[in-house]
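This report describes selected local features of a single structure.

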Amino acid sequence: MHDCVIIGGGPAGLTAAIYLARFHLDIALFDSGSSRAALIPCTHNHAGFPGGISGPDLLARMREQAASFGVRSHNATVTAIEPTDETFVIRTKAFELKARTVLLATGVVNNRPKMDTALHDKALAAGLLRYCPVCDGYEVTDKNVGVIGTGTHGMREALFLRGYTKNVTLIAPDAEHMLDEECAAALDAAGVTRVDGPCGRFAIESDRLALDTAGGRMAFDSVYPALGSETRSELALAAGARGTDDGCIVTDEHQRTTLPGLFAAGDVVKGLDQISHAMGEAGVAATTIRNELSERRPLRR
C-alpha cells in the first residue's frame with residue numbers, strides 16, 4: 001500500500017515525486033515516456049537556465065533528483081484507476097498497485113499537421129516547427145511565421161504571434177477558412193495574411209519549412225500548428241472525477257479533483273500549459289496530499 005501513486009513522468013509528476021519523497025512518504029511513479037516536455041529542443045523560459053535547456057535534459061535532471069530521494073519509477077502505462085473505500089487500485093496490463101492517494105499528471109498531446117514523422121521531428125529540432133507561442137514566440141521576432149489553423153483558435157494564435165512579428169500568415173489546414181466576421185476583421189486589422197488550404201507536401205527547403213497551400217507553395221522561418229490538443233484525462237473521468245467541456249480535469253485550488261483522494265496537476269488541468277505552472281500545481285498538490293494523509297493518521301518515521 002503506497003501513500004501516493006503518481007501517474008505521469010513530466011515536470012508536474014516529477015516535481016510532485018520530489019516533494020512527496022522528501023515528506024518521507026511511500027510513493028511510486030508511473031512514467032510511460034511520453035511527456036510533451038521531451039519534445040522541447042530548448043526552452044529559454046525556464047528560470048535558472050540563462051542559456052536555455054532542452055526538454056530531455058531537464059527531465060533527466062529531475063529524474064536524477066527524484067531518484068536520489070528513493071523515488072521508484074515504473075516504465076509502464078496505467079490502464080485504470082479504481083477507487084475502493086479510502087484507497088485506489090492502479091492497474092497496468094502486467095500488474096497492479098494500491099495507494100491511499102493518486103496524483104494524475106498525464107498532460108496533453110498536441111494534434112500534429114499531416115506530415116511525415118521523421119520530417120516533423122527534424123523540423124521541430126531545428127525550430128522550423130513550433131507548438132508553443134508563449135514558450136518561444138520571442139525566438140521568431142521579426143521572422144516570417146506561418147500558423148496552420150482556422151476559426152477562433154487559429155485566429156487567437158495568429159494574433160498572439162503578431163505581437164512578435166509583422167509577417168504572420170494563417171493557413172487553413174483542410175479547405176477554406178472557417179472564420180466568422182469578427183475573427184476576419186480582427187485578423188485584417190492586425191495585418192495577418194489569410195490563405196486557404198488544404199496544406200501539405202511539407203519539406204525543409206533552404207533552411208525554411210515549405211508547404212503547399214491553395215495560394216501556391218509557401219515557405220516560412222517557423223510554422224506553428226494551431227490544431228488543438230487531446231487532454232489525457234480519461235483515467236480520471238473513467239474513475240468518476242468530473243471534467244470540463246473540453247476534457248480537462250476539474251480541480252479546486254489545492255488540486256483536488258471531485259473524487260476524494262484523487263489529485264491532478266499540470267496540463268491535464270485547465271490553465272496555462274507551461275512547465276512553471278505545472279510545477280507550481282504539483283507543489284500545491286503534493287503538500288495537500290501530505291497534509292490530508294496526516295489527518296487520516298499521524299505521519300511518523
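In this predicted model, Glu-82 is partly exposed, having a relative accessible area of 30%. Its salt-bridge partner is Arg-91, and the N to O distance between the two side chains is 2.7 Å. Arg-91 is likewise partly exposed, at a relative accessible area of 26%.

| Residue pair | N to O distance |
|---|---|
| Glu-82 and Arg-91 | 2.7 Å |
| Arg-194 and Asp-188 | 2.7 Å |
| Arg-217 and Glu-205 | 2.8 Å |

Arg-194, which pairs with Asp-188, is partly exposed with a relative accessible area of 35%.

The salt bridge between Arg-217 and Glu-205 connects distant parts of the chain, since Arg-217 lies in strand 13 (residues 216–220) and Glu-205 in strand 11 (residues 200–205), twelve residues apart. Arg-217 is partly exposed at a relative accessible area of 32%, and Glu-205 is also placed in the partly exposed class, with 34% relative accessibility. Both residues take part in a network of salt bridges that also includes Arg-201 and Asp-212.

**Packing of helix 5 and helix 6**

Two packed helices are described by the angle between their axes and the distance between the axes. For helix 5 (residues 151–161) and helix 6 (residues 181–190), the axes come within 10 Å and the crossing angle is roughly 15°. Angles under 35 degrees count as roughly parallel, and helix 5 and helix 6 are therefore roughly parallel to each other. Their crossing is left-handed. Helix 5 contributes Gly-151, Thr-152, Met-155, Ala-158 and Leu-159 to the contact, while helix 6 contributes Cys-183, Ala-186, Leu-187 and Ala-190. Sorted by class, the residues of this contact comprise seven nonpolar and two polar ones, with no charged residue.

**Backbone exceptions**

Most residues other than glycine have a negative phi, and most peptide bonds are trans. Which peptide bond is cis, with omega near 10°? It is the bond from Gly-197 to Pro-198. Pro-198 is located in the loop between strand 10 (193–195) and strand 11.

Asp-142 is a residue other than glycine with a positive phi, near 65°. This residue sits in the loop between helix 4 (133–136) and strand 8 (145–148). Its relative accessible area of 63% makes Asp-142 exposed, because the exposed class begins over 50%.

Asp-207 also has a positive phi, of about 60°, although it is not a glycine. Its position is in the loop between strand 11 and strand 12 (208–213). With 67% relative accessibility, Asp-207 counts as exposed.

When residues up to four places away in sequence are not counted, Val-168 touches Val-145, Val-147, Ala-158, Leu-161, Arg-162, Val-192 and Thr-193. Among these contacts, Ala-158 also belongs to the helix 5 side of the contact with helix 6. The C-alpha atom of Val-168 is separated by 13 Å from that of Pro-133, 35 residues away along the chain.

Ser-54 occupies the loop between strand 2 (27–30) and helix 2 (55–68). At a relative accessible area of 15%, Ser-54 is buried, because the value is under 20%. Apart from neighbours within four places in sequence, Ser-54 is in contact with Ile-40, Pro-41 and Cys-42. Between the C-alpha atoms of Ser-54 and Ser-294, which are 240 residues apart along the chain, the separation is 37 Å.

How values were computed: Residues numbered from 1 in each chain as written. Predicted model: local features only at pLDDT ≥ 70, side-chain atom pairs only at ≥ 80, totals over all residues. Heavy atoms only, no water. Salt bridge = Lys/Arg side-chain N within 4 Å of Asp/Glu carboxyl O. Buried < 20%, exposed > 50% of the residue type's maximum accessible area, 1.4 Å probe, protein only. Helix = DSSP H or I, 4+ residues; strand = E, 2+ residues; numbered from the N terminus. Axes fitted to C-alpha atoms, helices over the stretch in contact; angles between N-to-C directions. Parallel < 35°, antiparallel > 145°, perpendicular 65-115°, else oblique. Left-handed = near helix turned anticlockwise from the far one by under 90°. Contact = heavy atoms within 4.5 Å. Nonpolar A, V, L, I, M, F, W, Y, C, P; charged D, E, K, R; others polar.
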